[in-house]
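This report is a guided reading for someone meeting the structure for the first time.

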Amino acid sequence: MHKYLMNPNYKKKALRFITAFLVLLSPLLVTSQTITSPDKNFSLQFELKENGRPYYSLTYKDKPVIKSSKLGIEVKDAPSFMDGFTISKSAQLTSDTSWEPVMGEEKTIRNHYNELEVTLAQSQNNNRIIKLRFRLFNDGLGFRYEFPKQADLNYFVIKEEHTEFNLAGNHKIFWIPGDYDTNEYAYTTSKIAEIPALQKKATIEINAQQPISKPSVQTPSMMKSDNGLYINIHEAALINYPAMQLEVDASSFKFKSHLVPDAVGNKGYMQTDTQTPWRTIVVSDKATDILASKLILNLNEPTKYKDVSWIKPVKYIGVWWEYFVAGKSTWAYGKENNVKLGQDFSKLTPNGKHGATNERVIHYIDFAAKNGFDAVLVEGWNVGWEDWIGNWKEEVFDFVTPYPDFDVAKLRDYAASKGVKIIMHHETSGSATNYERRLDRAFQFMKDNNYGAVKTGYVGQIIPRGEHHDGQWMVNHYINVAERAADYKIMVNSHEAVRPTGLHRTYPNWFAQESARGTEFEAMGGLNPDHTTILPFTRLMGGPMDFTPGIFQTDLTYYNTGGNQHVNTTLAKQLAYYVTMYSPLQMAADIPENYDRFPDAFQFIKDVAVDWDNTYVLEAEPGDYVTIARKAKGKNEWFVGSVTDENSRTANLKFDYLPKGKKYIATIYADGKDASWNGKQQSYVVSTMKVDSKTTLKQFMAPGGGFAISIKEVPAK
């Protein structure tokens, strides 16, 4: 033996053998991996612990964000992806690219991240593999589960996803309760530990709700730690998968994923190759960075549409708000409460208050044309509204048959003569099966009659019966509607749909959603003054919202209904929403007659852009205030919006985003000194001043108030 050890050739062969063996063995020996963000502020650690179970943790500037947290997916009637793993392979890469959205808050978005891909094998299950992919950006983390095609994994049913978010403390959190069917709750602000005690109070009654029995919250979930970290948990690219809710362990400050089930209790039906949505964690020590994050958008796939020239931003008015106030109008044409598709609706007894009449719609078209609006939304134009809600009825609407007093051809031609589009309305009453069957006929009808956009609605319990608004079946339905609409060059604005996850990058014609408590609730009990200081940190993290701002007649007793309801904002705050609540679809939601009474304030709505080159988040604190400036797409015009909660405050503005060396005229739409959300709401002041990049301004906001500013170049003499 000694002579072999002394032989140089033998020693070389032995060394090569040992090296090769260690290379093959190394994945089995390595149980942890670490990556950092490009700016080194974030550090992610992945590791296998007891019985080969995967865990991850995340730090920001050496502060713990997510402590060691379990990962795994439980499968029904088959071995689960929970434990028994070894690392069979891992790889890291860096990517730094840029892209341009069709419409958005920025003309160009940088997509810069470091990635860790870990392949996990289960030796006890024929070496079945899954992949975990982590992308670490300068603004946070995205990760997902991936299931490659393989001999022993074709189809499987998800029983539950067990992704944990083990938070580092008892953070302040802005939350709505977990629910399978609605996200139209008011926000509660509390500590995590207080959620169980507040859950019942927070779960107010809403049409078609299915609250989760365990303490839970919905995403996007916004938090602030005692040591000054802002943390937002959500998901990106929700496709062929149920939405994620978060169960709350209030004693350990741990969140765990809870997927929305289907009618038989299963969570998801999967076929390889496939993947889950990205789980996202956006973090910063500055609240403004949370609002500036494009992480969720970056985790969505680029659009495959060849032609996007028909996808354009829209500023619109509509036959809508008058349905909510004063009983001024109704969606329904007749007095009956039992109608069927196919019957002769001209024989109904007219109720005398139908809103979608030729006369009324022409009035709106004229107003839109006079004031430079792109479109008019008309709700209640089609037959079926007499018994549309609360009956779990399947054949509710056919989406092509108008009421007797709505002349499709006449109004189509009149709108075209005025350079105005009419926005179609497809309320489904939750009957997605009916809508799916009629979808192509409805879109062909739209194309034939020059409708370029549709507002869809899903009020009520879902059909197929037992399915939920946020389950896998409906998630696929919403995407199918967007894809089919694209075939007809139609843009989609969905209401009561699952909250957005950045899919407007992939499907840019799905250009807005409601999916939160919007302006309509100002006529149904009111929104809290802090509501719109929270929404940008929660609902709007996933995508644009059709919030429907612009209510000038804030005191609803004006309509002599006998109640004392009012909109819980100042008039100036309504103007600010056009900047603070991003959407390429913006509505002037009030009745036209009310705008005629306040022409100086209405000028801001006429002027404000809806598509942007740049966005500057100037000041922000969730639940307290938001101040944002934006540059209009392709123009040397800027607009500023600022909103506050129930407390008055003074914003400290800089204009350093303006080009240096040039002078501009700023028109300021501000709260009056005596204004208040629950007092003199219509008290406002319009003033002008010259500004440049060196200008600073202290601007007062009343309780529940705000201000808006338009900035334009000084006209050449």
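A cavity is here a set of grid points where a 1.4 Å probe fits but cannot get out. The model under discussion is a predicted one, and every value below was computed from it.

## Enclosed spaces

When the whole structure is searched, 8 cavities of 30 Å³ or more are found. The largest cavity has a volume of about 70 Å³, and its lining is made up of Ile176, Asn183, Tyr187, Gln218, Thr219, Pro220, Arg499, Ser515, Ala516 and Arg539. Sorted by class, this lining consists of 4 nonpolar, 4 polar and 2 charged residues.

## Charged pairs

Side chains of opposite charge can pair when their charged atoms come close. The structure holds 36 salt bridges, and a few of them are described here with their places in the chain.

Glu235 and Arg279 form a salt bridge in which the closest N and O atoms are 2.9 Å apart. This pair links distant parts of the chain, since Glu235 belongs to strand β16 (residues 230-236) and Arg279 to strand β21 (residues 278-284), 44 residues apart. Both Glu235 and Arg279 are buried.

Another salt bridge brings together the side chains of Glu394 and Arg437, at 3.3 Å from N to O. Glu394 lies in the loop between β23 (375-378) and α7 (408-417), while Arg437 lies in helix α8 (residues 432-448), so the pair ties together parts that are 43 residues apart in sequence. Are these two side chains buried or partly exposed? Glu394 counts as partly exposed because its relative accessibility is 23%, and Arg437 counts as partly exposed because its relative accessibility is 45%.

Lys631 and Asp613 also form a salt bridge, with the closest N and O atoms 3.0 Å apart. Lys631 lies in strand β30 (residues 625-632) and Asp613 in strand β29 (residues 612-621), so this pair ties together parts that are 18 residues apart in sequence. Both Lys631 and Asp613 are buried. Elsewhere, salt bridges that share partners join Glu115, Glu117, Arg133, Arg135, Arg144 and Glu146 into one network.

Strand β12 (residues 172-175) runs antiparallel to β13, and 4 bridges join the two strands.

Strands of a sheet pair through backbone hydrogen bonds, either parallel or antiparallel. In this structure an open sheet of 3 strands has the order β5-β10-β19, and its pairing is antiparallel. At the edges stand β5 (73-75) and β19 (268-271), each with a single partner strand, so one side of each is left without a neighbour in the sheet. Neighbouring strands of this sheet are turned by 45° against each other on average, when direction is ignored.

Which residue of β19 stands opposite Ile158? Strand β10 (residues 155-161) is joined to β19 by 4 bridges, the two strands running antiparallel, and it is Gly268 in β19 that stands opposite Ile158.

Key
Residues numbered from 1 in each chain as written. Predicted model: local features only at pLDDT ≥ 70, side-chain atom pairs only at ≥ 80, totals over all residues. Heavy atoms only, no water. 1 Å grid on protein atoms, 1.4 Å probe; cavity = no way out; pocket = protein on both sides within 12 Å on 5 of 7 lines; lining within 4 Å. Points joined across faces, edges and corners; volume = space filled by probe spheres on them. Nonpolar A, V, L, I, M, F, W, Y, C, P; charged D, E, K, R; others polar. Salt bridge = Lys/Arg side-chain N within 4 Å of Asp/Glu carboxyl O. Buried < 20%, exposed > 50% of the residue type's maximum accessible area, 1.4 Å probe, protein only. Pairing = 2+ DSSP bridges. Axes fitted to C-alpha atoms, helices over the stretch in contact; angles between N-to-C directions.
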